[in-house]
Amino acid sequence: MLRCKYVFISAAVAASTILSASSLARTLEVGPERDLKNPSDAAVLANDGDIILIDPGDYTDCATWRANNLIIEGKGDVTVRDRACQNKAIFVISGSDVTVRAIEFAHARSTRKNGAGIRGEGTNLTVENSRFVDNENGILTGGNPQSHIIIRDSVFTENGKCDPVCAHGIYIGQIALLEVSNSIFYQQYAGHHIKSRALRTEIIGSTIKDGPVGTASYEVDIPDGGSLVLRDNLIEKGPSAENRFSAVSIGEESNANPTDELTIDRNTFFNDNATSTTFVRNMTATVAQLTGNVIQGRVVSFTGPGRTSP
C-alpha cells in the first residue's frame, strides 16, 4: 500500500510540474516594430517551451538557441541571412525538441567552409516549410544516437561547397532516424543533396534534381550503411553533375551501421547526363529491394546485392 501511495504522489507532483512549466511558457514576438528587433534578441531570452514568432522581414542576423521545446516560426516572408553564430550557422540549435517553421536561411558562410543555415546540436529537430538558399550546408548536424531529425515541406537550393572538404544540401551525423518528406532539393553546387550517417534514413515524396547547371555528386549518400527507405521520389542526375558514377550510394565509406532494410520503391529517376550512371550502388551485404521504379536515360538499375521487381 505504501508503494502504491508513493507512486500516486510522484505522478501528481510530476503532472503539477508539467502544468507549471506550461503556464510559464511565453510567446516572444520579433520584428522591426517590436521590442525584440532580431531573432538573436529572442534567443537570449528564450526559456524552455517558448514560442518565437518572427514578423515578415529580411534579417541580417544569426542566433544560438539553447532552450528546449521551442517553436521558432516565421509569420510571413521571413529571411535570416549572411551571418554565422559561433562560426557555424545562421541558427545554432543546441536545445532539444525544437521546431523551426516557415523561415528562409540564406548565404551562410564559415571560415571552416561549412557554414550552415541550421546547425543542429541538440536531441530531436523538426524543420517545416522552410527554405535554404546559397549556404555552404543547408542543415548540418553532429552525431547523437538518440536524435530524430524530421524535415518536411522544405526547399534546398544552390547549397554546397568543396573547399577542400565538402558541404552538402543536408549533412546528418550518426543519429537514430532522419525523415525527409515532401521536400525539394535542387541545383546543388558540389557535395551531395542528402548525406546521412543515420541508423535509418527515410526519404519520401520528395524531388532531388541537379537541374541543368547543378554540379552535385550523389543525390543520396548513405556512406556508413544503415537502413534506407527511398519511396515516391523524383530524382534527376543533371548534365553538369561532378559524380557520374551513381545517384544513390550506400556504404561507400564503411559498413559501420547495421543495414536491416534497403527499400527503393516507386521512384522516378532520370539520367540527363551523356555518361551512363548507376541508380543504386550498394556496397553493403544487405539485398536492396527495387520495386516499381521508373528509370530513363543511360542507367544501370543497381550494382551490388539487389533485386528488382515491377
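**Overall fold.** I counted secondary structure and got 2 helices and 34 strands in the protein. Helices (H or I, at least four residues) and strands (E, at least two) are DSSP runs, numbered from the N terminus. The radius of gyration is 21 Å, close to the 19 Å that the globule rule gives for 310 residues, so the protein is as compact as a globular protein of that length. That radius is taken over C-alpha atoms, and the globule rule is 2.2 Å times the number of residues to the power 0.38. Along the principal axes, the C-alpha atoms fill a box of roughly 60 × 60 × 30 Å.

**Ground rules.** This is a predicted model, where local features need pLDDT of at least 70, side-chain atom pairs count only at pLDDT 80 or more, and totals for chains, interfaces and linings use all residues. Residues are numbered from 1 along each chain as its sequence is written, and side-chain values use heavy atoms, with hydrogens and water left out.

I looked up burial next: 51% of the 310 residues count as buried. Buried means under 20% relative accessible area, exposed over 50%, partly exposed in between (1.4 Å probe, protein chains only). The accessible surface comes to about 13200 Å², and 53% of that belongs to carbon and sulfur atoms. Areas come from the Shrake-Rupley method with a 1.4 Å probe; for residues, only the protein chains shown count as cover.

**Contacts.** How many of the contacts between residues at least 6 apart in sequence join residues at least 24 apart? The share is 64%. Contact means heavy atoms within 4.5 Å.

**Disulfides.** I searched for sulfur pairs and found 2 disulfides. The criterion is a pair of cysteine sulfur atoms within 2.5 Å. Counted along the chain, the bonded cysteines follow the pattern 1-2, 3-4.

I took Cys62 and Cys85 to begin with; their sulfur atoms sit 2.1 Å apart. This pair links distant parts of the chain, 23 residues apart. Cys62 is in the loop between β3 (57-61) and β4 (63-65), while Cys85 is in the loop between β6 (78-82) and β7 (89-93). The S-S torsion is about 90 degrees, so the Cys62 and Cys85 disulfide is right-handed. Buried or exposed? Cys62 counts as buried at 12% relative accessibility. Cys85 is buried too, with a relative accessible area of 12%.

Then I went to Cys162 and Cys166, with sulfur atoms 1.9 Å apart. Their S-S torsion is about 110 degrees, so this disulfide is right-handed. Cys162 is partly exposed at 33%. Cys166 is partly exposed at 36%.

Most residues other than glycine have a negative phi, and most peptide bonds are trans. I noted the exceptions below against that background.

- The peptide bond from Asp163 to Pro164 is cis, with omega near -5 degrees. Pro164 lies in the loop between β16 (161-162) and β17 (166-167).
- Asn69 has a positive phi, near 55 degrees, and is not a glycine. I placed Asn69 in the loop between β4 and β5. Asn69 is partly exposed, at 43% relative accessibility.
- Glu158, not a glycine either, has a positive phi of about 60 degrees. Glu158 sits in the loop between β15 (155-157) and β16. Its relative accessible area is 32%, so Glu158 is partly exposed.

**Two spot checks.** I picked Ile71, which is found in strand β5 (residues 71-74). At 26% relative accessibility, Ile71 is partly exposed. What does Ile71 touch, leaving aside neighbours within four places in sequence? Its contacts are Asp50, Ile51, Ile52, Thr99 and Arg101. Ile150 is 79 residues from Ile71 along the chain, and their C-alpha atoms are separated by 14 Å.

I also looked up Thr111, in the loop between β9 (104-106) and β10 (116-120). Thr111 counts as exposed, at 65% relative accessibility.
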